[in-house]
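Okay, thanks for coming, everyone. I'd like to walk you through one protein chain today, so let me put it up on the screen.

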Amino acid sequence: MTHPDINIIIARFLAREATDDEAMLLLEWLKASEDNKIYFREQAEIWHALHPAYSSEEIDLEKARKRLSRKAGVEPGSLRTFFSHFLRAWSRVAAFLLLPLAVVSIYLALRDNDVEEVGVMTLSTAYGCSSHFTLPDGSEVWLNSNSQLSYIPTASACRNVSLSGEGYFNVHSDASHPFNVNSSMLQVTATGTRFNVNAYDTTQSVTLVEGKVDVEVEGQKWVMKPSDHLDLGAAGVSLTENVDVDKYCSWRQGMLIFDEEPLSAICSRLQQLFYVDIELEPKVADKMFHIILNGEDIHEFVYMLQLSKEVSCEFVQDSESTKAPTKIKIGSYRPSVQQ
């Protein structure tokens with residue numbers, strides 16, 4: 001195919017308008033050379049930059065303020081005033097993060113024992129970015145920062161996906177073909193529902209927004225209902241009912257909500273989403289914070305954290321490697337000496 005032909009197919013594919021025949025032609029073209037794969041990635045990055053995953057109108061700040069003030073036990077008015085000043089000061093940063101530069105790649109996997117070659121699609125997002133797309137069966141997926149999703153791009157096979165990182169799923173209803181999300185530690189099975197899966201590391205979780213899902217961990221199954229949150233960590237599996245699902249799913253709108261959480265948990269979450277290495281002093285690890293981030297980057301978060309005067313923060317420059325994650329030390333607050 002000539003470049004004009006492939007450009008049309010790539011555009012239709014990224015817009016989720018390609019036919020099955022066009023998708024197969026694209027896979028064959030990608031298989032032909034490494035240069036083709038590089039060209040596709042370049043076009044995909046441009047396309048995703050021009051088609052943001054969400055718009056600013058989708059962010060409901062008022063709803064988040066009310067929920068947090070109610071749970072924190074403070075007057076809604078005072079909390080609203082605080083966050084109004086906070087968000088106005090940093091609103092310029094939110095506009096930047098509304099342009100997720102999702103890095104999309106496709107590779108072909110060969111099955112053993114002379115089994116027919118099968119195309120596998122893998123979508124991945126860089127640190128600090130998110131992406132939204134629709135699978136061939138009509139199911140929608142929002143992929144969070146530093147995440148990867150793999151599936152076979154056909155209407156039936158795509159209902160069995162592998163996830164590393166975090167994803168929010170709006171599953172197209174099809175009772176005869178269950179939708180399975182597989183991570184390194186668990187499997188979520190649904191037929192038509194909405195749920196969030198956090199599968200970044202050894203502590204993983206599932207939050208059910210609507211419908212019903214079955215979660216399997218090492219041969220054991222849990223049936224979840226709306227507003228259930230299942231945690232899987234070193235201590236095993238725990239299921240919490242009637243949680244505020246926005247706390248776990250608001251990242252789709254560019255927001256992170258920490259509602260009376262220890263600094264250790266907040267830092268762990270930030271390390272999932274940003275390319276940082278946070279060294280936390282034990283004596284401040286259990287300090288509790290109420291924080292709403294609306295698109296702020298890690299530098300602005302650290303600056304605002306220091307303004308609390310409960311902790312001190314320091315960026316550590318690693319001169320040996322430019323590819324190493326940004327290192328941050330967080331310890332006890334040390335007031336300056338008065339002259």
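Let's start here: what percentage of the 339 residues in the protein chain do buried residues make up? Buried residues make up 44% of them, where buried means under 20% relative accessible area, exposed means over 50%, and partly exposed is in between, with a 1.4 Å probe and protein chains only.

A quick word on what you're looking at. This is a predicted model, where local features need pLDDT of at least 70, side-chain atom pairs count only at pLDDT 80 or more, and totals for chains, interfaces and linings use all residues. Residues are numbered from 1 along each chain as its sequence is written, and side-chain values use heavy atoms, with hydrogens and water left out.

On confidence, pLDDT is the predictor's own score for each residue, from 0 to 100. The protein chain has a mean pLDDT of 78, with 74% of its residues at 70 or more. Over residues 88-118, though, the pLDDT is below 50, and that stretch still has 71 contacts in the model beyond near neighbours in sequence; a contact means heavy atoms within 4.5 Å. Where pLDDT is low, the predicted coordinates should not be read in detail.

Now the overall build. The protein chain has 8 helices and 19 strands; these are DSSP runs numbered from the N terminus, helices being H or I with at least four residues and strands being E with at least two. Take the contacts with a separation of 6 or more: 48% of them are between residues 24 or more positions apart.

Strand 16 runs parallel to strand 19 (residues 326-332), paired over 5 bridges, and Leu280 is opposite Ile330 in strand 19.

Leaving out residues up to four places away in sequence, Ser264 touches Leu280 and Ala285. Ser264 counts as partly exposed because its relative accessibility is 31%.

Most residues other than glycine have a negative phi. Ser227 is not a glycine, yet its phi is positive, about 75°. You'll find Ser227 in the loop between strand 12 (220-224) and strand 13 (229-233). Asn242 has a positive phi too, near 55°, and its place is the loop between strand 14 (236-240) and helix 6 (246-249). Buried or exposed, then, for Asn242? Asn242 counts as exposed, because its relative accessibility is 64%.

That's my tour, so over to you for questions.

Key: Two strands pair if DSSP finds at least two bridges between them.
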